[in-house]
Amino acid sequence: MNKVQNNRAWWLVLPMFVLVAFSAIIPLMTVVNYSVQDIFDQNTAYFVGIEWYQEVLRDTRLHDSLLRQFTFSFSVLLIEIPLGIAVALTMPKKGWQSSLCLILLALPLLIPWNVVGTIWQIFGRADIGLFGWALNAIGVDYNYTANTVDAWLTVLLMDVWHWTPLVALLCYSGLRAIPDAYYQAAQIDRASSWAIFRHIQLPRLKSVLVLAVLLRFMDSFMIYTEPFVLTGGGPGNATTFLSQTLTQMAIGQFDLGPAAAFSLVYFLIVLLVSWLFFTTISHMEKDKSDG
Amino acid sequence: MMNWMAWTIPTASFFVGIGLILIVMTIAELKRPTIERKGLLPIATTRGDRLFIGLLSSAFIHLAVIGSSDTDIWWAFGISVIWVLSLLRWG
Amino acid sequence: MGKRKVTGLVVYLVFVLLPIYWLLNMSFKTNEEILGGLTFWPQHFTFDNYITIFTDASWYMGYVNSVTYVVINMVITLLVALPAAYAFSRYKFVGDKHLFFWLLTNRMAPPAVFLLPFFQLYSSIGLFDTHLAVALAHCLFSIPLAVWILEGFMSGVPREIDETAYIDGYSFGHFFVRIFIPMIRSGIGVTAFFSFMFSWVELLLARTLTSVDAKPISAIMTRTVGAAGIDWGVLAAAGVLTIVPGVLVIWFVRNHVAKGFALGRV
């Protein structure tokens, strides 16, 4: 659609801008201010320059939690994206079955995050939870509160349970948008279902998939509540992800300066990744409207 | 009331600087609207895009300098200014 | 459709439902039964856990508080996002693309980073422990998404409709409320659903910005650890009750969900 150049449109955007800027910019400025000072209380703070940045950029604890975070986010993407596509492909296309599937699928997305943690906390326990009990019954020595690997896998499984539906629903709506004519053409060519997927469905899913990857990457990158409730970050530091490390620093130890400095590093990483994604998406949309 | 924001002169000047750049860019945009073009960067960009890319990469330049060496931070700043300006011109 | 496909889908749906069933199952059990041994369905079916919640104000007020701020958030989000999305979908203006990107980065800002400044910001303007504070904080995440979804839906409405209305002498406000909004009804439904979803499931900000008067249910739930250990039955019942509003809301928008999940863009 051709848009009209009109700067008075700013008046329509203004209320939204003021509201979001109020909650976004003032806290951001404060974080920047904290990051260059050593803060003891409301009225006592010393300017330390870039000292905190030097400290956090060389802090191995933060490197570890950043590395854990990336490992986690990539594992999440590797599992959820293919699984989500597979689920979307198997979903019925119309009728009550399709509505039912949609509602059941969306269910995990609407559960408060701490309740998701609680559900899996219960579900995974060997004494009162079905999952933990079943695993132990078939002879797997599973205990997510004591074993590092188990804890990690449980958090991963929980995230797959929680968020794969989002990917599936995104892909499902992408599939719904493919005109029937494409499938009829494929039928005439006697294309195999793999060929249909590879040459018709996958290219058409590109834009929703970029969106799914973006949303899943961002949300898994700032995961906090679910592992906090499920494992409390333990055993040891095995499931202490980035947000939790930061919250511990800022609130638990009141190390405002380093926490703020690292928050900003974190924010810059997020900004870079989202810019890359955003540019990709808008270029793809442009190609679509050109072609 | 604004005490909790813990302002310092360097951070205040930083935000004033960013604010001024934005104002200048807006005025420039109103006087002489930018034309999307392709320069050294792999994608077609407008002036605002190049500014954003420049500022974001400058932030990473600063972080790299702080993280990897004990060089004075003003060096990183100097490099960044040159980098942003050349990006605006040729990027 | 092949048999293998159906089996696969059913297996997946069982995987989705089983943990929820387990929670439901536990909510109807007594604590003795829960801790006594594993039972696949309640042997001594009881509503006691639910009765505890519905008769204790410190419990059920949590739900009232949560619903209150979620609704305030939904209303604010729609009020400011509708005109903004219209501007993005119809006009080019100075800085539009950058503004749009900036909006999205807020959706991606990790809340953990902003906890303390948020707390101090809302304390300093006297909003701490009010529903409005939580609603405003959640707007930071719900507005960007709302603008994005609504913009997608609005771009689907041809410009000619706007122009015809202006030629017919409608004022902008009149046209927007009487003609345009009814045309994107489903988009508004989906947007409301998404802002509900993000505000309802969020815990960290809601817990930080409240202490007593506006305490959300999710924060109250973290306090079920008593002297006698965790009260599993009540915890499970409270959990089940937090799922109910979500189910109701999704039931209302079920026909638009497919389009809404693509954020109106396919």
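This is a predicted model: local features need pLDDT of at least 70, side-chain atom pairs count only at pLDDT 80 or more; totals for chains, interfaces and linings use all residues.
C:Gly62 is buried, with a relative accessible area of 0%. This glycine belongs to helix H4 of chain C, which covers residues 57–90.

**Around C:Gly62**

- Leaving aside residues up to four places away in sequence, C:Gly62 touches C:Lys215, C:Pro216, C:Ile217 and C:Ile220.
- C:Arg207 is 145 residues away from C:Gly62 along the chain, yet the C-alpha atoms of the two are separated by 11 Å.
- C:Gly62 counts as buried because its relative accessible area of 0% falls under the 20% cut-off.

**Where chains B and C meet**

- Chain B brings 10 residues to this contact, and chain C brings 9 residues.
- Together the two chains bury about 730 Å², with 71% of that area on carbon and sulfur atoms.
- There are 2 salt bridges between chain B and chain C.
- In a salt bridge with an N to O distance of 4.0 Å, the side chain of B:Glu36 meets that of C:Lys97.
- On the side of chain B that touches chain C, the elements giving two or more residues are helix H1 (9–31) and helix H2 (47–68) of chain B.
- That side of chain B is made up of 4 nonpolar, 3 polar and 3 charged residues.
- The rule also finds 1 residue pair in polar contact across the interface of chain B and chain C, with both residues at pLDDT 80 or more.

**A closer look at B:Thr46**

- Where does B:Thr46 sit in chain B? You will find B:Thr46 in the loop between H1 and H2 of that chain.
- Is B:Thr46 buried or exposed? B:Thr46 is buried, since its relative accessible area is 11% and the cut-off for buried is under 20%.
- Not counting residues up to four places away in sequence, B:Thr46 touches B:Thr34 and B:Glu36 in chain B, along with C:Lys97 and C:His98 in chain C.

**Chain A as a whole**

- Chain A holds 12 helices and 3 strands.
- Taken along the principal axes, the C-alpha atoms of chain A fill a box of roughly 75 × 70 × 30 Å.
- Chain A has 291 residues, and 58% of them count as buried.
- Among contacts in chain A with a separation of 6 or more, 68% come from residues 24 or more positions apart.
- The accessible surface of chain A is about 12,400 Å², and carbon and sulfur atoms account for 64% of this surface.

Conventions:
Residues are numbered from 1 along each chain as its sequence is written. Chains are lettered from A and ligands numbered from 1 in the order in which they are written. Side-chain values use heavy atoms; hydrogens and water are left out. Contact means heavy atoms within 4.5 Å. Buried area is the accessible area (1.4 Å probe) that two parts lose on being put together, summed over both. A polar contact is a pair of N or O atoms within 3.5 Å; within protein, one must be able to donate a hydrogen and the other to accept it, and residues adjacent in sequence count only if both atoms are side-chain atoms. Helices (H or I, at least four residues) and strands (E, at least two) are DSSP runs, numbered from the N terminus. Ala, Val, Leu, Ile, Met, Phe, Trp, Tyr, Cys and Pro count as nonpolar, Asp, Glu, Lys and Arg as charged, and the others, Gly among them, as polar. Buried means under 20% relative accessible area, exposed over 50%, partly exposed in between (1.4 Å probe, protein chains only). Accessible areas come from the Shrake-Rupley method with a 1.4 Å probe; for residues, only the protein chains shown count as cover.
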